[in-house]
Amino acid sequence: QVQLVESGGGLVQAGGSLRLSCAASGSIFSINGMGWSRQAPGKQRELVATITSGGSTNYADSVKGRFTISRDNAKNTVYLQMNSLKPEDTAVYYCNAEVLVRVGRHIGYWGQGTQVTVSS
């Protein structure tokens, strides 16, 4: 079994910064892609950023230039540095990982979510 545990959410004023972390643990052979998504009240979950095992990144247009995704493969951890936060960034943020649990077997996992609230 694999667990993803997020941390770093909280309340911040508009223009401020937060750094989210997500650590994977359990029966992990290796991790391929990792990413962050978010879901605001009454809205669908949207993809925020992704990063490959090689470090290639992709961002939603709404966060480009403000958010930075990174990872530490040795720690099986993915980060999301969020700068210049806006009230519309308020959401529950979820991390996900594509985990190779044994040769030839990939499984996608999600964290439990962490709340980010940006006040105006």
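**Close-up views of a predicted model**

At 74% relative accessibility, Pro-41 counts as exposed. The model shown in every view is predicted.

**View 1. Pro-41 sits in a loop between two strands.** The loop joins β4 (30-39) and β5 (46-51). Pro-41 is exposed because its relative accessibility of 74% is over the 50% cut-off. Gly-108 is 67 residues from Pro-41 along the chain. The C-alpha atoms of Pro-41 and Gly-108 are separated by 24 Å.

**View 2. Four strands form an open sheet in the order β1-β3-β8-β7.** The pairing is antiparallel. Strands β1 and β7 (67-72) are the edges, and each pairs on one side only. From one strand to the next, the twist averages 15°. Six bridges join β1 to β3. Another six bridges join β3 (residues 18-26) to β8 (residues 77-82). Ser-7 stands opposite Ser-21 in β3. Leu-18 has Met-82 in β8 as its bridge partner.

**View 3. Side chains alternate along strand β1.** In a regular strand, side chains alternate between the two faces of the sheet. Val-2, Leu-4 and Glu-6 point to one face of β1 and are buried.

**View 4. Glu-6 is a buried acidic residue without a salt bridge.** Glu-6 belongs to strand β1 (residues 2-7). Where is the nearest side chain of opposite charge? Arg-45 holds that place, 7.6 Å away. The side chain of Glu-6 does reach backbone nitrogens. The backbone nitrogen of Cys-95 is 2.8 Å from the Glu-6 side chain. For Gly-113, the backbone nitrogen lies 2.6 Å from a polar atom of that side chain.

**View 5. The surroundings of Glu-6 include residues well beyond its own strand.** Neighbours within four places in sequence are left aside here. Glu-6 is in contact with Ser-21, Cys-22 and Trp-36, among others. Its contacts also include Tyr-93, Tyr-94 and Cys-95. Gly-111, Gln-112, Gly-113 and Thr-114 are in contact with Glu-6 as well.

**View 6. Ala-24 is a buried residue of strand β3.** Is Ala-24 buried or exposed? Ala-24 counts as buried because its relative accessible area, 7%, is under the 20% cut-off. Apart from residues up to four places away in sequence, Ala-24 touches Gln-3, Leu-4, Ile-31, Lys-75 and Asn-76. Asn-96 lies 72 residues from Ala-24 along the chain. The C-alpha atoms of Ala-24 and Asn-96 are separated by 9.3 Å.

**View 7. Asn-76 and Ser-84 each have a positive phi.** Most residues other than glycine have a negative phi. Asn-76 is not a glycine, yet its phi is about 50°. Asn-76 lies in the loop between β7 and β8. At 23% relative accessibility, Asn-76 is partly exposed. Asn-76 is also one of the residues touched by Ala-24. Ser-84 is not a glycine either, and its phi is positive at about 50°. Which loop holds Ser-84? Ser-84 lies between β8 and β9 (91-102). Its relative accessibility is 43%, so Ser-84 counts as partly exposed.

Key
Residues are numbered from 1 along each chain as its sequence is written. This is a predicted model: local features need pLDDT of at least 70, side-chain atom pairs count only at pLDDT 80 or more; totals for chains, interfaces and linings use all residues. Side-chain values use heavy atoms; hydrogens and water are left out. Buried means under 20% relative accessible area, exposed over 50%, partly exposed in between (1.4 Å probe, protein chains only). A salt bridge is a side-chain nitrogen of Lys or Arg within 4 Å of a carboxyl oxygen of Asp or Glu. A polar contact is a pair of N or O atoms within 3.5 Å; within protein, one must be able to donate a hydrogen and the other to accept it, and residues adjacent in sequence count only if both atoms are side-chain atoms. Contact means heavy atoms within 4.5 Å. Two strands pair if DSSP finds at least two bridges between them. Axes are lines fitted to C-alpha atoms, for helices over the stretch in contact, and angles run from 0 to 180 degrees between N-to-C directions.
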